Amino acid sequence: MSEKRDYYEVLGVEKTASADEIKKAYRKKAMEFHPDKNPGDKAAEEKFKEANEAYEILSDADKKSRYDQYGHAGVDPSAAGGGYGGGGFGGFEDIFGDIFSAFGGGGGFGGSSRGGRTRSNRGSDMKISINLTFREAVFGVEKKIKIKRNEACTTCGGSGAEKGSTSKTCDQCGGSGQVYVRQQTPFGTVQQVHTCDKCHGEGKIIDKPCPACHGKGVETKERTINIKIPAGIDDGQMLPLRGEGNAGPNNGSKGDLYVYMNVKEDQLFKRNGDDVYYELPITYAQAAMGDTVVVPTIDGKIKLKVPEGTQNDKVFRLKGKGIPNVNGRGRGDQFINIKVEVPRKLNREQRHALEAFAKITGADAHPEGKRFWSRVDAEAKESSAKKDA
Ligand SMILES: [Zn+2]
Ligand SMILES: [Zn+2]
C-alpha cells in the first residue's frame with residue numbers, strides 16, 4: 001500500500017513511547033541528519049525530512065491517534081484534502097455508501113476551504129464501505145465494486161461548451177468563481193466571500209452550453225473498480241484511492257475515493273490489532289497430566305503441547321502466528337487462553353475413580369490451596385490470641 005516507513009521506526013521509538021521520549025528521539029535524529037552537518041548528502045537529507053514528517057504526526061495527539069489507528073492512510077496530507085479531517089471517519093453503512101454531492105466546491109468536501117482565494121475545480125471525494133470476511137481482511141483480497149461517479153462529459157470533452165462554442169472567463173469574478181462583498185456592521189466593515197452569481201462559481205461563462213451535461217462538463221457514469229485490499233487490514237480502516245472520485249466540473253481534477261473496511265467477526269478467532277485470540281477448552285485430566293492438542297491457527301492446524309499441571313487461564317503465545325501487519329511490519333502473534341473444563345456430570349464409575357483420586361491426593365499436589373488454608377489458620381490464631389489478651 002505504502003512505501004513509507006513506520007513513523008515510530010523512523011524515530012527509533014516504541015509505539016508506547018511518551019511525548020517526551022518522542023521529542024528526544026526526534027531531536028537526536030534531527031541533529032544527526034541535519035543538512036548543515038551533512039552537506040550534499042542526499043540520503044541524510046531524506047532521513048532528515050522523514051524524521052520531520054514523523055515528528056509532525058507523532059507530536060500531535062490527534063494525528064498520532066489517527067496514525068495509530070489507520071497507519072499512513074489516516075494522516076496522509078493529500079488524503080486530508082478539502083476540509084476532510086473533521087469528523088470524516090465515521091460509521092458507513094451500506095455497500096455503496098453515500099455518494100457525496102456531485103460537484104466540488106459546493107459541499108463540505110469541496111476544495112473551497114483549502115486554497116483560500118483560488119477557486120478549485122477539484123471534483124468531490126467519495127466514500128464507500130465494503131464488507132470483508134475475517135479471512136479476506138487477514139490475507140488480503142481483490143474486490144470489484146460498482147460506483148456511480150462524475151466523469152468528464154464525453155460529448156464536450158469536459159469543457160461544458162457545445163461543439164463550436166467556447167467558454168470565456170467570467171467578467172464579474174475574473175474567473176475565481178467568488179466575489180467579495182463589503183458589508184457595514186456595528187463592529188466595522190466585514191468582507192464576505194460569495195459564490196459569483198453570474199457564472200455560479202464556475203469561473204467561466206459558456207455562450208452555448210453542451211446539451212448533454214448542461215454546461216457542467218461532467219456526466220454520471222457507472223464504473224466497476226478493482227480494489228486490491230492489502231493483507232492485514234482491519235475493521236474501520238480506510239483505503240484512499242487517488243483520483244477515483246468524482247471528476248471536477250469543466251475539466252477539473254478528480255477527487256479521491258475513500259474505501260472503508262467493514263470486517264465481519266470470525267466465529268473462532270478474535271482479533272486485537274495484529275494478534276489473534278481464542279479460548280481453548282481442555283479437560284481436567286489433560287490439564288493435570290499434560291497432552292498434545294491439535295489447535296487451529298489462521299494458517300491451519302498445529303500441535304500445541306499442554307504441559308503437565310497447566311492451570312486454568314494459562315495463556316500460550318505462538319509468536320508470528322498472528323495477522324500480517326498491514327504496513328508490512330511482520331506478523332502478530334496467536335494467543336491461546338486455556339480454559340480447564342471441570343466434568344459437568346459424573347456417572348458412578350467416574351465418581352468412584354475420582355473419589356479414589358481425591359483420597360490419595362493431598363495438599364502437596366495443590367500448593368495454591370495449601371497456601372490459602374494456612375493463611376486462614378494463621379488468621380484464626382491471631383484473632384483468638386487477641387481475644388485472650
Ligand atoms: Zn458536455
Ligand atoms: Zn463569475
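This is a predicted model: local features need pLDDT of at least 70, side-chain atom pairs count only at pLDDT 80 or more; totals for chains, interfaces and linings use all residues.
Local features need pLDDT of at least 70 and side-chain atom pairs count only at pLDDT 80 or more, while totals for chains, interfaces and linings use all residues. Residues are numbered from 1 along each chain as its sequence is written, chains are lettered from A and ligands numbered from 1 in the order in which they are written, and side-chain values use heavy atoms, with hydrogens and water left out.

Helices and strands here are DSSP runs numbered from the N terminus (helices H or I, at least four residues; strands E, at least two). Take the helix pair to begin with: the axes of α2 (residues 19–33) and α3 (residues 42–58) come within 9 Å and cross at roughly 160 degrees. Axes are lines fitted to C-alpha atoms, for helices over the stretch in contact, with angles running from 0 to 180 degrees between N-to-C directions. That crossing angle makes α2 roughly antiparallel to α3, a label used for angles over 145 degrees. On the α2 side, I22, K23, Y26, K29, A30 and F33 make the contact (heavy atoms within 4.5 Å); their counterparts in α3 are A44, K47, F48, A51, N52, Y55 and L58. The residues of this contact split into 9 nonpolar, 1 polar and 3 charged, where Ala, Val, Leu, Ile, Met, Phe, Trp, Tyr, Cys and Pro count as nonpolar, Asp, Glu, Lys and Arg as charged, and the others, Gly among them, as polar.

Next come the sheets, in which two strands pair if DSSP finds at least two bridges between them. One open sheet has 4 strands in the order β10-β11-β15-β14, with mixed pairing. Its edges are β10 (270–272) and β14 (315–318), each with a single partner strand, so one side of each lacks a neighbour in the sheet. β10 runs antiparallel to β11 (residues 275–283), and 3 bridges join the two; N272 has D275 in β11 as its bridge partner.

Another open sheet, of 3 strands, is ordered β1-β9-β8, again with mixed pairing. β1 and β9 (residues 257–263) run parallel and are joined by 7 bridges, with L132 standing opposite V263 in β9.

As for the cysteines, an unreviewed UniProt entry places a "binding site" at C153, C156, C210 and C213; such annotations may be inferred rather than shown by experiment. These residues span 61 residues in sequence, yet no two of their C-alpha atoms are more than 9.0 Å apart, so they gather at one spot. C153 sits in the loop between β2 (141–152) and β3 (167–169).

Methods. Angles under 35 degrees count as roughly parallel, over 145 as roughly antiparallel, 65 to 115 as roughly perpendicular and the rest as oblique.
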